[in-house]
Amino acid sequence: MITLIDVHKSFGDIEVLKGISHEFQKGKTTVILGASGSGKSTLLRTINQLTPIDEGKVLFEGVDVTTIKHRQLVARIGIVFQQFNLFSGMNVLQNVMYTLVKEKKLNKDKAREMAMISLDKVNMASRLDAYPKHLSGGEKQRVALARAMVLSPDVMLFDEPTSALDPEKVNEVLDEIKKLTHIGLTNIIVTHEMGFAREVADEVIFMDEGRIIETGSKEAFFQHPKAERTKQFLDKIL
Amino acid sequence: MDIFDYEKIKPWIPYLAKGIGITLLIAFVAAIVGFILGVVLVLMNKRKFFRGFARGYIDIFRGTPMLLQLSIIYFAIPQLLDRIFNDGFGMNIDFAITALMAAFITFGLNSAAYVSEIIRSGINSVDPGEIEAAKALGISKYHMYKDIVLPKAFKNSFPALVNEFVTLIKETSIVSVIGIQDLFRRQQIVTAQTYLYFEALIIIGVFYYVLIKVFSLIARRLEVIYAK
């Protein structure tokens with residue numbers, strides 16, 4: 001579905017991605033693990049072109065993403081951010097409806113109906129009029145998820161979706177993401193939640209200092225890690 | 001001896017008070033023109049092709065005295081146009097503009113320079129995460145600015161915009177030099193008639209102060225409502 005070929009990215013003098021190659025399988029859930037600063041989030045953002053790459057290629061269904069119109073590309077790829085990034089000037093319903101009305105040109109009733117369905121799936125249909133600042137982190141992230149899912153993407157990117165949440169709110173968001181791993185979506189998840197990774201991952205990628213150190217099924221990765229660096233990492237956190 | 005000769009100034013108070021209308025008129029028109037042009041300048045600043053013009057404009061209007069700008073628009077530009085078209089091309093057009101029109105133009109153009117800087121910093125204070133989300137959702141730049149960035153930027157810059165309006169009210173006092181009968185000009189006329197400097201100045205001073213207080217209080221109210 002998505003193929004990265006020798007992807008390089010630098011911010012100023014710092015090379016964040018040092019030649020990443022990987023193929024993300026359609027309909028699978030891939031979890032990207034690694035220490036902070038290992039390049040996980042940057043890798044994720046190269047896929048929907050939020051971070052344009054310096055060298056290499058990112059292919060979406062075999063097509064170089066730089067040749068696809070941005071709008072067409074992101075229509076297929078949803079993303080959920082660490083900091084939620086809801087539109088603070090809009091209420092919950094408007095956040096979810098907005099793109100449907102303005103960019104998909106749906107009429108308001110249809111858009112509202114779709115938004116309601118999407119919000120209902122994440123149990124936020126009762127807070128339609130609330131503004132983001134009145135929501136908890138977990139609620140915000142569920143709205144953000146509904147906002148991405150209402151556009152029915154084929155791929156969902158998760159950039160540390162629970163890292164900014166209070167510990168007791170983490171599960172309410174993870175539970176929603178888990179549901180998405182059973183409906184044929186291609187999920188790519190950057191997270192620090194090991195229990196979650198073990199549960200949902202079809203494939204695990206371990207990154208360190210801008211490189212992919214190890215990839216494998218979750219069983220292979222967690223039980224028989226090959227690389228020394230992976231072992232150290234797992235020892236520290238498990 | 002009266003320290004404040006109220007009896008003598010009293011008949012002139014209605015005449016002085018009429019200047020409030022003129023002062024407010026100029027400030028309001030300038031605020032509207034300034035706001036619209038200010039937004040245009042902000043948008044120009046975002047486009048490479050227009051950026052040089054926008055920057056130069058802002059630089060010149062902020063870098064020269066308002067009295068000079070007013071004088072150039074009222075006296076110098078009509079003269080220049082007269083030379084070019086009437087003397088140069090033998091036309092016969094009257095380029096003179098009314099003092100009030102000159103005031104609208106000058107204050108509007110001048111205010112635009114300040115407003116654009118205020119809104120620009122308002123835009124810079126918009127959470128970059130929201131902009132990123134808009135991009136990731138495929139929201140067009142036009143919609144992103146219209147519905148997400150600018151409303152937020154206005155909200156963030158609202159106190160500074162009110163401040164700019166208050167400054168405008170105060171600065172309109174310079175229109176007296178081109179003969180507009182604003183508060184200040186009326187004071188000069190009254191003083192010329194009565195030799196009452198102190199009383200006339202104190203009275204228009206009170207008018208200015210109250211005017212500005214009223215707008216500041218309204219603004220604070222709006223801010224509270226807006227922040228909800």
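Reader: Before anything else, what does "buried" mean here?

Author: Buried means under 20% relative accessible area, exposed means over 50%, and partly exposed is in between (1.4 Å probe, protein chains only). Take Phe206(A): its relative accessible area is 0%, so Phe206(A) is buried.

Reader: What kind of model is this, and how are things numbered?

Author: This is a predicted model: local features need pLDDT of at least 70, side-chain atom pairs count only at pLDDT 80 or more, and totals for chains, interfaces and linings use all residues. Residues are numbered from 1 along each chain as its sequence is written, chains are lettered from A and ligands numbered from 1 in the order in which they are written, and side-chain values use heavy atoms, with hydrogens and water left out.

Reader: Back to Phe206(A). Which ring does it pair with?

Author: Phe233(A). The two form a tilted aromatic pair, 4.7 Å centre to centre with 45° between the planes. Rings of Phe, Tyr and Trp (its six-membered ring) pair if their centres lie within 6.5 Å; planes under 30 degrees apart are stacked, over 60 edge-to-face, the rest tilted.

Reader: Where do Phe206(A) and Phe233(A) lie?

Author: Phe206(A) lies in strand S9 (residues 203-208) of chain A, and Phe233(A) in helix H9 (residues 228-237) of chain A, so the pair ties together parts 27 residues apart in sequence. Helices (H or I, at least four residues) and strands (E, at least two) are DSSP runs, numbered from the N terminus.

Reader: Is Phe233(A) buried or exposed?

Author: Buried, at a relative accessible area of 9%.

Reader: Which residues make up the ring cluster?

Author: Ring pairs link Phe206(A), Phe221(A), Phe222(A) and Phe233(A) into a cluster.

Reader: How many aromatic pairs over all chains?

Author: The structure holds 16. One of them joins Phe87(A) and Tyr98(A), edge-to-face, at 6.5 Å centre to centre and 70° between the planes.

Reader: Which parts does that pair tie together?

Author: Phe87(A) lies in the loop between strand S6 (77-80) and helix H3 (92-102) of chain A, and Tyr98(A) lies in helix H3 of chain A, so the pair ties together parts 11 residues apart in sequence. Phe87(A) is buried at 1% relative accessibility. Tyr98(A) is buried too, with 8%.

Reader: New topic. Where does Gln141(A) lie, and what does it touch?

Author: Gln141(A) lies in helix H5 (residues 137-149) of chain A. Leaving out residues up to four places away in sequence, Gln141(A) touches Val80(A), Phe81(A), Gln82(A), Phe84(A), Pro161(A) and Val173(A). Contact means heavy atoms within 4.5 Å. Gln141(A) is buried, with a relative accessible area of 1%.

Reader: Now the two chains. How many residues are in contact?

Author: 19 residues of chain B are in contact with 22 residues of chain A.

Reader: What area is buried between them?

Author: About 1700 Å², of which carbon and sulfur atoms give 56%. In chain B, Glu132(B), Ala136(B) and Leu137(B) lose the most area to chain A, together 33% of what that side buries. Buried area is the accessible area (1.4 Å probe) that two parts lose on being put together, summed over both.

Reader: How many salt bridges cross that interface?

Author: Two, by the rule. In one, the side chains of Glu132(B) and Arg45(A) meet at 2.5 Å, N to O. A salt bridge is a side-chain nitrogen of Lys or Arg within 4 Å of a carboxyl oxygen of Asp or Glu.

Reader: Which helices of chain B supply the side that touches chain A?

Author: Helix H6 (128-136) and helix H7 (141-171) of chain B each supply at least two residues. The largest share, seven residues, comes from H6(B).

Reader: And salt bridges over all chains, how many?

Author: The structure holds 16. Among them, Arg62(B) and Glu117(B) meet at 3.8 Å, N to O. Arg62(B) lies in helix H3 (residues 48-63) of chain B and Glu117(B) in helix H5 (residues 99-124) of chain B, so the pair ties together parts 55 residues apart in sequence.

Reader: What else does Glu117(B) bridge to?

Author: Arg120(B), with the closest N and O atoms 3.4 Å apart. Both lie in helix H5 of chain B, three residues apart, about one turn of the helix. Glu117(B) is partly exposed at 21% relative accessible area, and Arg120(B) is partly exposed at 35%.
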